Amino acid sequence: MEICGFVKPTSGEIIVSGKVIGKDMDFPKGTGIIIKTPGFIPYYSGYKNLRLLAGLNNKIGKEEICKTMKQVGLAPELKRHVRKYSLGMRQRLGLVLR
C-alpha cells in the first residue's frame, strides 16, 4: 500500500530503480496496481466489460483484448457474467487493461 501512495510509511523507504518513492517520484513509471476485488459491471461478461472500458479511451482494440485475456488464462468467448467469476478470475480480468 505504501508504494501506491495510499499509506504514508512511518519509517524506512521504498526504492525502485534507484529512486525513493514519495521523494524522487510519486509512483514507479510502468507499474500498475490491482485491488483485492476489482469493480466490474456484474451482469456483463469479462470481455464485454473490457470492451466498454477500452472504448472509453480507445486504448486497445478487440484483438488485443482477446489476446491479453488469453495470456492471463481467461477465455474471451466465455459468456458467464463477471458476478459469477471467482476472485482470481476477476483479479486476472483487472490485469488485462493494466
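The protein chain holds 3 helices and 2 strands. Helices (H or I, at least four residues) and strands (E, at least two) are DSSP runs, numbered from the N terminus. Along the sequence, the pattern reads β-β-α-α-α. The model is predicted: local features need pLDDT of at least 70, side-chain atom pairs count only at pLDDT 80 or more, and totals for chains, interfaces and linings use all residues. Residues are numbered from 1 along each chain as its sequence is written, and side-chain values use heavy atoms, with hydrogens and water left out.

Of the 98 residues in the protein chain, 23% are buried. Buried means under 20% relative accessible area, exposed over 50%, and partly exposed in between (1.4 Å probe, protein chains only). The largest nonpolar core has 12 residues, among them Phe 40, Leu 50, Ile 65, Tyr 85 and Val 96. Such a core is a set of buried Ala, Val, Leu, Ile, Met, Phe, Trp, Tyr and Cys residues joined through side-chain atoms within 4.5 Å. Helices H1 (46–57), H2 (62–71) and H3 (87–96) each give two or more residues to this core. H3 supplies the largest share, 3 residues.

Tyr 85 belongs to this core. Neighbours within four places in sequence aside, Tyr 85 is in contact (heavy atoms within 4.5 Å) with Ser 45, Gly 46, Leu 78, Arg 80, Arg 90 and Leu 93. Across the protein chain, 52% of contacts between residues at least 6 apart in sequence join residues at least 24 apart.

Ser 17 lies in the loop between strands E1 (15–16) and E2 (19–20). Its phi is near 55°, a positive value in a residue other than glycine. Most residues other than glycine have a negative phi. Ser 17 is exposed, with a relative accessible area of 74%.
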